[in-house]
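Here are some notes to read alongside the model. They take up the contact between the chains, then each chain in turn.

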Amino acid sequence: MSEIIKRKISDALDLPQDIILNVPRVVVTGKIAVFIENHKGIVEYNSDSVKINTSVGVVCIKGKQLLIKTIVADEITVEGEISAVEFEE
Amino acid sequence: MLLIKLWHYFFGYVIIKIVGEYAERLLNQAALQKLYLWDIKRENSNELTAKISIRHFFKLAPLARKTRCRIRIIKRVGLFFAILKLKRRKSFLVGALLFIAAVYFMSSFIWSIEVTCPDEELKLSVIEHLRQWGIKEGIFKYGIDKEYYIDKLLTEYKDLAWAEIEIRGSRFIVELVKKQLPPELEENTPCDIIASKDGIIEEIIALRGEALVKPGQTVSKGDVLITGKVTIGQDVSNEEQNGGNTLLVHAEGIVKARVWYQKAIKVPLVEIKKIPTGNSKKSLVLQFQNHIFNFHLGNIPYTLYEKKILKEINILPKPVGLKLNMVEYVEMETTKEFLGVEKASRKAEAYLLSQLEEISNENDITQKKMEFMLDSDEQSVIGSMIIEVVEDIGQKKQIQ
(Lines give C-alpha, C1' and ligand atoms only; values in the text may rest on other atoms or scores of the structure.)
Protein backbone atom coordinates (compact mmCIF):
# COMPACT_ATOMS: atom_id res chain seq x y z
CA MET A 1 0.00 0.00 0.00
CA SER A 2 1.36 3.32 -0.89
CA GLU A 3 1.98 6.08 1.60
CA ILE A 4 -0.78 8.26 0.21
CA ILE A 5 -3.49 5.63 0.58
CA LYS A 6 -2.37 4.84 4.12
CA ARG A 7 -2.48 8.49 5.05
CA LYS A 8 -5.95 8.81 3.55
CA ILE A 9 -7.23 5.80 5.50
CA SER A 10 -5.79 7.19 8.69
CA ASP A 11 -7.42 10.53 7.97
CA ALA A 12 -10.76 9.01 7.11
CA LEU A 13 -10.93 6.64 10.08
CA ASP A 14 -9.30 9.08 12.48
CA LEU A 15 -6.69 6.50 13.42
CA PRO A 16 -3.37 7.55 15.02
CA GLN A 17 -0.91 8.19 12.21
CA ASP A 18 2.13 6.76 13.99
CA ILE A 19 0.50 3.33 14.04
CA ILE A 20 -0.80 3.28 10.49
CA LEU A 21 2.24 4.86 8.88
CA ASN A 22 4.83 3.14 11.08
CA VAL A 23 6.59 6.38 11.97
CA PRO A 24 8.24 7.24 15.26
CA ARG A 25 6.45 9.24 17.89
CA VAL A 26 8.69 11.85 19.44
CA VAL A 27 7.55 13.48 22.64
CA VAL A 28 9.59 16.38 23.98
CA THR A 29 9.01 17.30 27.60
CA GLY A 30 10.11 20.89 28.13
CA LYS A 31 13.86 21.07 27.71
CA ILE A 32 14.56 18.13 29.95
CA ALA A 33 13.43 14.93 28.26
CA VAL A 34 12.77 13.38 24.84
CA PHE A 35 10.77 10.22 24.51
CA ILE A 36 10.84 8.31 21.25
CA GLU A 37 8.50 5.44 20.55
CA ASN A 38 9.00 3.05 17.66
CA HIS A 39 12.75 3.60 17.25
CA LYS A 40 15.18 1.34 15.49
CA GLY A 41 18.20 1.52 17.76
CA ILE A 42 20.89 3.94 18.84
CA VAL A 43 23.37 5.01 16.22
CA GLU A 44 25.61 7.11 18.36
CA TYR A 45 25.59 8.17 21.94
CA ASN A 46 27.65 10.97 23.48
CA SER A 47 26.99 13.19 26.44
CA ASP A 48 26.18 16.10 24.07
CA SER A 49 24.37 14.30 21.23
CA VAL A 50 22.29 11.18 20.80
CA LYS A 51 21.50 9.83 17.34
CA ILE A 52 18.60 7.43 17.13
CA ASN A 53 17.65 5.50 14.05
CA THR A 54 13.96 5.54 13.05
CA SER A 55 11.90 4.69 9.99
CA VAL A 56 11.99 8.31 8.85
CA GLY A 57 15.73 8.70 9.24
CA VAL A 58 18.03 9.54 12.12
CA VAL A 59 16.70 11.68 14.92
CA CYS A 60 19.51 13.71 16.46
CA ILE A 61 19.04 15.05 19.97
CA LYS A 62 21.50 17.74 20.97
CA GLY A 63 22.18 19.14 24.39
CA LYS A 64 24.36 18.77 27.45
CA GLN A 65 24.82 15.95 29.93
CA LEU A 66 22.53 13.66 28.03
CA LEU A 67 21.57 10.44 29.71
CA ILE A 68 19.66 7.48 28.36
CA LYS A 69 17.15 7.06 31.11
CA THR A 70 15.59 3.88 29.75
CA ILE A 71 15.93 1.80 26.64
CA VAL A 72 13.72 -1.10 25.59
CA ALA A 73 12.97 -2.63 22.20
CA ASP A 74 10.74 0.17 20.90
CA GLU A 75 10.99 2.96 23.45
CA ILE A 76 13.82 5.23 24.48
CA THR A 77 13.92 8.12 26.92
CA VAL A 78 16.75 10.64 26.83
CA GLU A 79 17.16 13.15 29.64
CA GLY A 80 19.43 16.14 30.08
CA GLU A 81 19.64 19.79 29.00
CA ILE A 82 18.14 19.48 25.53
CA SER A 83 18.79 22.20 23.00
CA ALA A 84 17.66 20.67 19.68
CA VAL A 85 15.85 17.73 18.12
CA GLU A 86 16.75 17.35 14.45
CA PHE A 87 15.70 14.95 11.72
CA GLU A 88 18.51 13.92 9.41
CA GLU A 89 17.78 12.24 6.10
CA MET B 1 8.00 4.55 38.77
CA LEU B 2 8.64 4.44 42.48
CA LEU B 3 7.28 0.94 42.47
CA ILE B 4 9.76 -0.09 39.81
CA LYS B 5 12.60 1.49 41.73
CA LEU B 6 11.56 -0.33 44.87
CA TRP B 7 11.30 -3.55 42.92
CA HIS B 8 14.83 -3.11 41.61
CA TYR B 9 16.14 -2.21 45.01
CA PHE B 10 14.44 -5.21 46.54
CA PHE B 11 15.81 -7.75 44.11
CA GLY B 12 19.10 -6.01 43.60
CA TYR B 13 20.81 -4.47 40.63
CA VAL B 14 24.34 -3.74 39.52
CA ILE B 15 25.99 -0.63 38.19
CA ILE B 16 28.21 -1.71 35.31
CA LYS B 17 30.86 -0.10 33.21
CA ILE B 18 30.76 -0.89 29.49
CA VAL B 19 34.08 -0.39 27.76
CA GLY B 20 34.25 -0.68 23.97
CA GLU B 21 33.92 1.24 20.75
CA TYR B 22 30.59 -0.32 19.82
CA ALA B 23 28.79 0.23 23.10
CA GLU B 24 25.74 1.56 21.22
CA ARG B 25 25.44 -1.76 19.44
CA LEU B 26 25.41 -3.54 22.75
CA LEU B 27 22.61 -1.27 23.92
CA ASN B 28 20.58 -2.00 20.78
CA GLN B 29 21.15 -5.73 21.12
CA ALA B 30 20.16 -5.64 24.76
CA ALA B 31 16.98 -3.73 23.95
CA LEU B 32 16.10 -6.26 21.25
CA GLN B 33 16.71 -9.11 23.67
CA LYS B 34 14.35 -7.38 26.10
CA LEU B 35 17.06 -6.73 28.63
CA TYR B 36 16.21 -3.67 30.62
CA LEU B 37 18.99 -1.13 31.08
CA TRP B 38 18.52 2.26 32.66
CA ASP B 39 20.43 5.41 33.60
CA ILE B 40 22.94 4.97 30.78
CA LYS B 41 25.61 7.62 31.00
CA ARG B 42 28.59 8.46 28.83
CA GLU B 43 31.73 8.66 30.96
CA ASN B 44 34.24 9.24 28.15
CA SER B 45 34.70 8.38 24.48
CA ASN B 46 34.62 4.62 24.96
CA GLU B 47 33.14 4.13 28.38
CA LEU B 48 29.51 3.98 29.53
CA THR B 49 27.96 3.29 32.86
CA ALA B 50 24.52 1.74 33.16
CA LYS B 51 22.29 0.00 35.64
CA ILE B 52 20.89 -3.46 35.08
CA SER B 53 19.11 -6.01 37.20
CA ILE B 54 21.04 -9.08 38.26
CA ARG B 55 19.08 -11.53 36.18
CA HIS B 56 19.49 -9.44 33.05
CA PHE B 57 23.15 -8.90 33.76
CA PHE B 58 23.93 -12.57 33.25
CA LYS B 59 22.19 -12.51 29.87
CA LEU B 60 24.12 -9.39 28.92
CA ALA B 61 27.50 -11.08 29.23
CA PRO B 62 27.26 -13.20 26.03
CA LEU B 63 26.02 -10.16 24.08
CA ALA B 64 28.99 -8.17 25.28
CA ARG B 65 31.33 -10.78 23.91
CA LYS B 66 29.58 -10.64 20.54
CA THR B 67 29.80 -6.84 20.33
CA ARG B 68 33.37 -6.82 21.61
CA CYS B 69 32.61 -4.83 24.72
CA ARG B 70 33.93 -5.44 28.17
CA ILE B 71 31.66 -5.23 31.15
CA ARG B 72 32.80 -4.58 34.67
CA ILE B 73 30.69 -4.36 37.78
CA ILE B 74 31.28 -1.14 39.67
CA LYS B 75 28.78 -1.48 42.44
CA ARG B 76 26.16 -3.85 43.68
CA VAL B 77 23.02 -2.26 45.08
CA GLY B 78 19.95 -3.69 46.77
CA LEU B 79 18.59 -5.61 49.63
CA PHE B 80 19.78 -8.90 48.23
CA PHE B 81 23.39 -7.74 48.35
CA ALA B 82 22.92 -6.11 51.73
CA ILE B 83 21.76 -9.42 53.16
CA LEU B 84 24.58 -11.21 51.43
CA LYS B 85 27.02 -8.80 52.98
CA LEU B 86 25.49 -9.28 56.42
CA LYS B 87 25.73 -13.02 56.04
CA ARG B 88 29.43 -12.70 55.58
CA ARG B 89 29.71 -10.39 58.58
CA LYS B 90 28.12 -12.62 61.18
CA SER B 91 29.79 -11.05 64.17
CA PHE B 92 28.52 -7.64 63.05
CA LEU B 93 24.99 -8.99 62.94
CA VAL B 94 25.40 -10.58 66.35
CA GLY B 95 26.73 -7.30 67.66
CA ALA B 96 23.80 -5.35 66.29
CA LEU B 97 21.33 -7.77 67.83
CA LEU B 98 23.21 -7.70 71.11
CA PHE B 99 23.05 -3.92 71.06
CA ILE B 100 19.27 -3.94 70.63
CA ALA B 101 18.96 -6.56 73.35
CA ALA B 102 21.19 -4.49 75.63
CA VAL B 103 19.12 -1.36 75.08
CA TYR B 104 15.96 -3.30 75.80
CA PHE B 105 17.52 -4.91 78.83
CA MET B 106 18.83 -1.67 80.26
CA SER B 107 15.50 0.03 79.73
CA SER B 108 13.77 -2.58 81.83
CA PHE B 109 15.27 -1.18 84.99
CA ILE B 110 14.29 1.81 87.03
CA TRP B 111 17.06 4.35 86.75
CA SER B 112 15.48 7.38 88.33
CA ILE B 113 12.80 8.04 90.89
CA GLU B 114 10.88 11.26 90.60
CA VAL B 115 8.22 12.67 92.85
CA THR B 116 6.11 15.50 91.54
CA CYS B 117 4.69 17.41 94.42
CA PRO B 118 4.91 21.07 95.37
CA ASP B 119 5.90 20.20 98.91
CA GLU B 120 9.70 19.71 99.05
CA GLU B 121 9.63 18.09 102.47
CA LEU B 122 7.01 15.57 101.50
CA LYS B 123 8.92 14.82 98.32
CA LEU B 124 12.09 13.88 100.19
CA SER B 125 10.17 11.89 102.73
CA VAL B 126 8.33 9.93 100.04
CA ILE B 127 11.57 9.14 98.24
CA GLU B 128 13.06 8.00 101.53
CA HIS B 129 10.08 5.77 102.21
CA LEU B 130 10.11 4.32 98.69
CA ARG B 131 13.74 3.41 99.19
CA GLN B 132 12.86 1.64 102.39
CA TRP B 133 10.13 -0.28 100.61
CA GLY B 134 12.54 -1.40 97.95
CA ILE B 135 12.06 1.08 95.12
CA LYS B 136 15.64 1.85 94.30
CA GLU B 137 17.61 2.71 91.22
CA GLY B 138 18.47 -0.47 89.42
CA ILE B 139 15.46 -2.62 90.24
CA PHE B 140 13.63 -4.54 87.56
CA LYS B 141 10.63 -2.53 86.41
CA TYR B 142 8.24 -5.26 85.30
CA GLY B 143 7.61 -6.80 88.68
CA ILE B 144 6.53 -3.57 90.37
CA ASP B 145 2.99 -3.65 91.70
CA LYS B 146 1.96 -0.01 91.38
CA GLU B 147 -1.33 -0.44 93.22
CA TYR B 148 0.50 -1.86 96.20
CA TYR B 149 2.78 1.15 96.46
CA ILE B 150 -0.07 3.60 95.93
CA ASP B 151 -1.97 1.97 98.77
CA LYS B 152 1.11 1.99 100.93
CA LEU B 153 1.71 5.65 100.28
CA LEU B 154 -1.89 6.55 100.99
CA THR B 155 -1.88 4.68 104.27
CA GLU B 156 1.51 6.06 105.25
CA TYR B 157 0.61 9.66 104.49
CA LYS B 158 -2.84 10.48 105.73
CA ASP B 159 -2.78 13.91 104.18
CA LEU B 160 -2.55 12.62 100.62
CA ALA B 161 -5.67 12.98 98.56
CA TRP B 162 -4.41 11.21 95.50
CA ALA B 163 -1.35 9.34 94.38
CA GLU B 164 -0.40 7.96 91.02
CA ILE B 165 2.59 5.93 90.01
CA GLU B 166 3.73 5.83 86.47
CA ILE B 167 6.65 3.97 85.00
CA ARG B 168 7.73 5.87 81.93
CA GLY B 169 10.68 4.24 80.28
CA SER B 170 13.23 3.84 83.03
CA ARG B 171 11.72 6.55 85.21
CA PHE B 172 9.57 5.83 88.23
CA ILE B 173 7.29 8.82 88.60
CA VAL B 174 5.16 9.39 91.64
CA GLU B 175 2.52 12.07 91.42
CA LEU B 176 1.07 13.28 94.67
CA VAL B 177 -1.75 15.63 95.53
CA LYS B 178 -2.06 16.77 99.09
CA LYS B 179 -5.37 16.82 100.80
CA GLN B 180 -6.88 20.18 101.61
CA LEU B 181 -7.94 19.35 105.13
CA PRO B 182 -11.09 21.10 106.30
CA PRO B 183 -10.09 23.76 108.76
CA GLU B 184 -10.42 22.26 112.24
CA LEU B 185 -12.46 24.39 114.52
CA GLU B 186 -10.01 26.00 116.80
CA GLU B 187 -10.48 25.97 120.50
CA ASN B 188 -11.76 29.49 120.64
CA THR B 189 -13.97 29.65 117.59
CA PRO B 190 -17.54 30.06 118.68
CA CYS B 191 -19.61 27.03 117.78
CA ASP B 192 -22.82 25.18 118.49
CA ILE B 193 -23.33 21.52 119.00
CA ILE B 194 -25.97 20.18 116.68
CA ALA B 195 -27.62 16.79 116.23
CA SER B 196 -26.07 14.54 113.60
CA LYS B 197 -29.04 12.15 113.68
CA ASP B 198 -32.66 11.98 114.64
CA GLY B 199 -33.25 10.64 118.12
CA ILE B 200 -34.50 11.09 121.65
CA ILE B 201 -32.17 12.81 124.06
CA GLU B 202 -31.11 10.52 126.84
CA GLU B 203 -28.50 12.58 128.54
CA ILE B 204 -27.10 16.03 127.96
CA ILE B 205 -24.09 17.48 129.69
CA ALA B 206 -23.09 20.96 128.59
CA LEU B 207 -19.46 21.51 129.49
CA ARG B 208 -19.40 24.90 127.87
CA GLY B 209 -22.35 26.70 126.40
CA GLU B 210 -26.00 26.46 127.10
CA ALA B 211 -28.09 23.31 126.69
CA LEU B 212 -31.21 23.96 124.68
CA VAL B 213 -32.82 20.52 124.92
CA LYS B 214 -33.82 18.35 127.83
CA PRO B 215 -33.60 14.58 128.25
CA GLY B 216 -36.65 12.93 126.77
CA GLN B 217 -37.01 15.50 124.06
CA THR B 218 -37.13 14.41 120.42
CA VAL B 219 -34.65 16.06 118.13
CA SER B 220 -34.13 15.82 114.41
CA LYS B 221 -30.97 16.08 112.45
CA GLY B 222 -29.49 19.56 112.42
CA ASP B 223 -31.17 20.84 115.58
CA VAL B 224 -28.99 22.91 117.88
CA LEU B 225 -28.43 20.98 121.10
CA ILE B 226 -25.91 23.11 122.94
CA THR B 227 -25.60 26.65 121.80
CA GLY B 228 -22.48 28.71 121.90
CA LYS B 229 -24.48 31.87 122.38
CA VAL B 230 -24.53 32.44 126.06
CA THR B 231 -26.71 35.18 127.42
CA ILE B 232 -25.35 37.06 130.34
CA GLY B 233 -27.86 38.54 132.68
CA GLN B 234 -31.31 37.25 133.46
CA ASP B 235 -33.44 39.41 131.29
CA VAL B 236 -33.82 37.80 127.94
CA SER B 237 -36.00 40.51 126.51
CA ASN B 238 -33.30 43.02 127.23
CA GLU B 239 -30.75 41.04 125.34
CA GLU B 240 -32.33 41.59 121.99
CA GLN B 241 -32.35 45.29 122.44
CA ASN B 242 -28.70 45.60 123.34
CA GLY B 243 -26.85 42.63 121.85
CA GLY B 244 -23.80 43.30 124.02
CA ASN B 245 -25.11 40.82 126.53
CA THR B 246 -24.53 37.83 124.31
CA LEU B 247 -21.24 36.02 124.56
CA LEU B 248 -20.10 33.65 121.87
CA VAL B 249 -18.28 30.60 123.19
CA HIS B 250 -16.90 27.37 121.85
CA ALA B 251 -19.63 25.00 123.00
CA GLU B 252 -18.58 21.66 124.30
CA GLY B 253 -20.50 18.82 125.83
CA ILE B 254 -21.80 15.30 125.60
CA VAL B 255 -25.21 14.64 124.10
CA LYS B 256 -26.35 11.05 124.24
CA ALA B 257 -29.49 10.08 122.48
CA ARG B 258 -31.47 7.01 121.59
CA VAL B 259 -31.19 6.34 117.89
CA TRP B 260 -32.86 3.67 115.80
CA TYR B 261 -31.50 1.55 113.09
CA GLN B 262 -33.49 -0.68 110.84
CA LYS B 263 -32.23 -3.61 108.82
CA ALA B 264 -34.04 -6.14 106.71
CA ILE B 265 -33.18 -9.13 104.60
CA LYS B 266 -35.07 -11.45 102.32
CA VAL B 267 -34.07 -15.11 102.28
CA PRO B 268 -35.66 -17.37 99.65
CA LEU B 269 -36.96 -20.71 100.88
CA VAL B 270 -35.26 -22.54 98.07
CA GLU B 271 -31.55 -22.02 97.95
CA ILE B 272 -29.74 -22.43 94.71
CA LYS B 273 -26.15 -23.44 95.16
CA LYS B 274 -23.37 -23.82 92.67
CA ILE B 275 -21.15 -26.77 93.37
CA PRO B 276 -18.13 -27.71 91.27
CA THR B 277 -18.51 -31.12 89.70
CA GLY B 278 -14.81 -31.77 89.74
CA ASN B 279 -14.38 -31.40 86.01
CA SER B 280 -12.17 -28.60 84.84
CA LYS B 281 -10.27 -27.53 81.81
CA LYS B 282 -7.23 -25.34 81.47
CA SER B 283 -6.55 -23.01 78.62
CA LEU B 284 -4.28 -20.18 77.57
CA VAL B 285 -5.68 -16.74 76.95
CA LEU B 286 -3.78 -13.92 75.32
CA GLN B 287 -4.95 -10.58 76.56
CA PHE B 288 -4.09 -7.38 74.74
CA GLN B 289 -5.38 -4.50 76.81
CA ASN B 290 -9.09 -5.28 76.91
CA HIS B 291 -9.14 -7.59 73.94
CA ILE B 292 -9.02 -11.26 74.65
CA PHE B 293 -7.85 -13.95 72.30
CA ASN B 294 -8.65 -17.48 73.32
CA PHE B 295 -6.63 -20.50 72.45
CA HIS B 296 -9.26 -23.03 73.33
CA LEU B 297 -8.82 -26.58 72.35
CA GLY B 298 -12.31 -26.84 71.02
CA ASN B 299 -15.29 -25.40 72.80
CA ILE B 300 -15.77 -25.50 76.50
CA PRO B 301 -17.86 -28.60 77.01
CA TYR B 302 -19.67 -27.30 80.08
CA THR B 303 -23.00 -25.59 80.16
CA LEU B 304 -22.30 -23.91 83.45
CA TYR B 305 -18.82 -22.98 84.46
CA GLU B 306 -16.74 -20.51 86.34
CA LYS B 307 -13.59 -18.93 85.07
CA LYS B 308 -10.55 -18.75 87.27
CA ILE B 309 -7.33 -17.03 86.36
CA LEU B 310 -4.55 -19.23 87.59
CA LYS B 311 -1.56 -17.26 86.45
CA GLU B 312 -0.90 -13.98 84.76
CA ILE B 313 2.23 -13.52 82.74
CA ASN B 314 3.05 -10.01 81.68
CA ILE B 315 4.70 -10.19 78.31
CA LEU B 316 4.79 -6.47 77.70
CA PRO B 317 4.08 -4.04 80.51
CA LYS B 318 1.31 -1.53 80.91
CA PRO B 319 1.40 0.90 77.97
CA VAL B 320 1.23 -2.05 75.60
CA GLY B 321 -0.46 -4.37 78.04
CA LEU B 322 0.10 -7.77 76.53
CA LYS B 323 -0.65 -10.58 78.93
CA LEU B 324 -0.74 -14.32 78.74
CA ASN B 325 -3.16 -15.78 81.20
CA MET B 326 -3.55 -19.33 82.33
CA VAL B 327 -7.25 -19.85 82.78
CA GLU B 328 -9.09 -22.72 84.33
CA TYR B 329 -12.71 -23.42 83.54
CA VAL B 330 -14.40 -25.25 86.37
CA GLU B 331 -17.63 -27.01 85.63
CA MET B 332 -20.42 -26.16 88.04
CA GLU B 333 -23.66 -27.83 88.93
CA THR B 334 -26.66 -26.19 90.46
CA THR B 335 -28.40 -27.84 93.33
CA LYS B 336 -31.65 -26.72 94.86
CA GLU B 337 -32.08 -27.07 98.54
CA PHE B 338 -35.38 -26.53 100.25
CA LEU B 339 -34.60 -24.64 103.42
CA GLY B 340 -38.03 -24.39 104.93
CA VAL B 341 -39.28 -21.50 106.99
CA GLU B 342 -37.28 -22.54 110.00
CA LYS B 343 -33.91 -22.70 108.30
CA ALA B 344 -34.51 -19.58 106.25
CA SER B 345 -35.36 -17.65 109.36
CA ARG B 346 -32.23 -18.81 111.05
CA LYS B 347 -30.21 -17.71 108.08
CA ALA B 348 -31.84 -14.29 108.11
CA GLU B 349 -31.16 -14.03 111.81
CA ALA B 350 -27.48 -14.82 111.36
CA TYR B 351 -27.22 -12.08 108.79
CA LEU B 352 -29.05 -9.56 110.97
CA LEU B 353 -26.88 -10.38 113.97
CA SER B 354 -23.75 -9.74 111.96
CA GLN B 355 -25.23 -6.38 110.96
CA LEU B 356 -26.04 -5.69 114.55
CA GLU B 357 -22.47 -6.15 115.58
CA GLU B 358 -21.39 -3.61 113.05
CA ILE B 359 -23.76 -0.96 114.32
CA SER B 360 -23.31 -1.58 118.00
CA ASN B 361 -19.61 -1.17 117.59
CA GLU B 362 -19.12 0.94 120.69
CA ASN B 363 -22.63 1.99 121.53
CA ASP B 364 -24.98 0.49 124.06
CA ILE B 365 -27.92 -1.40 122.68
CA THR B 366 -30.97 -0.62 124.66
CA GLN B 367 -33.57 -2.44 122.65
CA LYS B 368 -33.53 -5.08 119.98
CA LYS B 369 -36.52 -6.31 118.09
CA MET B 370 -36.42 -8.98 115.43
CA GLU B 371 -39.27 -10.14 113.31
CA PHE B 372 -39.51 -12.89 110.77
CA MET B 373 -42.41 -13.31 108.43
CA LEU B 374 -43.26 -15.15 105.27
CA ASP B 375 -43.32 -13.07 102.14
CA SER B 376 -46.66 -12.56 100.44
CA ASP B 377 -45.80 -14.99 97.64
CA GLU B 378 -44.64 -17.57 100.21
CA GLN B 379 -41.32 -17.96 98.43
CA SER B 380 -39.10 -16.32 100.95
CA VAL B 381 -38.72 -15.22 104.52
CA ILE B 382 -38.29 -11.56 105.37
CA GLY B 383 -36.33 -10.86 108.47
CA SER B 384 -36.41 -7.36 109.86
CA MET B 385 -34.74 -5.89 112.87
CA ILE B 386 -35.06 -2.64 114.69
CA ILE B 387 -32.44 -1.78 117.22
CA GLU B 388 -32.18 1.10 119.50
CA VAL B 389 -28.79 2.31 120.60
CA VAL B 390 -27.60 5.12 122.75
CA GLU B 391 -24.88 7.10 121.11
CA ASP B 392 -23.30 10.50 121.07
CA ILE B 393 -24.99 12.51 118.37
CA GLY B 394 -23.26 15.80 119.05
CA GLN B 395 -21.49 17.51 116.20
CA LYS B 396 -19.72 20.85 116.28
CA LYS B 397 -20.81 23.58 113.93
CA GLN B 398 -19.35 27.02 113.70
CA ILE B 399 -21.59 29.95 114.45
CA GLN B 400 -21.82 32.14 111.39
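1. A definition comes before the strands. Two strands pair if DSSP finds at least two bridges between them. The model discussed here is a predicted one.

2. Begin with β6 and β7 of chain B. Strand β7(B) covers residues 171-178, and eight bridges join β6(B) to it. The two strands run antiparallel. Within this pair, B:R168 stands opposite B:R171 of β7(B).

3. As background, strands of a sheet pair through backbone hydrogen bonds, either parallel or antiparallel.

4. Where does α3 of chain B have its kink? The helix spans residues 54-66, and the kink, of about 30°, lies at B:L60. Just past the end of α3(B), B:R68 takes a positive phi of about 55°.

5. Next, the contact between the chains. On chain B, 13 residues are in contact with 14 residues of chain A. Both α2 (23-32) and β2 (37-44) of chain B supply at least two residues each to the side that touches chain A. β2(B) gives the largest share of that side, with six residues. By type, the residues on this side of chain B are seven nonpolar, five charged and one polar.

6. How do β5 of chain A and β2(B) pair, parallel or antiparallel? They pair in the antiparallel sense, over four bridges. Strand β5 of chain A spans residues 57-71. A:T70 stands opposite B:W38, which is in β2(B).

7. Last, chain A as a whole. Chain A has two helices and six strands. Along the sequence they follow the pattern α-α-β-β-β-β-β-β. Chain A has 89 residues, of which 21% count as buried. Take the contacts in chain A between residues at least 6 apart in sequence: 35% of them join residues at least 24 apart.

Conventions. Residues numbered from 1 in each chain as written. Chains lettered and ligands numbered in written order. Predicted model: local features only at pLDDT ≥ 70, side-chain atom pairs only at ≥ 80, totals over all residues. Contact = placed C-beta atoms within 7 Å. Nonpolar A, V, L, I, M, F, W, Y, C, P; charged D, E, K, R; others polar. Bend = angle between axes of the 7 residues up to and from the residue. Buried ≥ 20, exposed ≤ 12 C-beta atoms within 10 Å, placed from the backbone.
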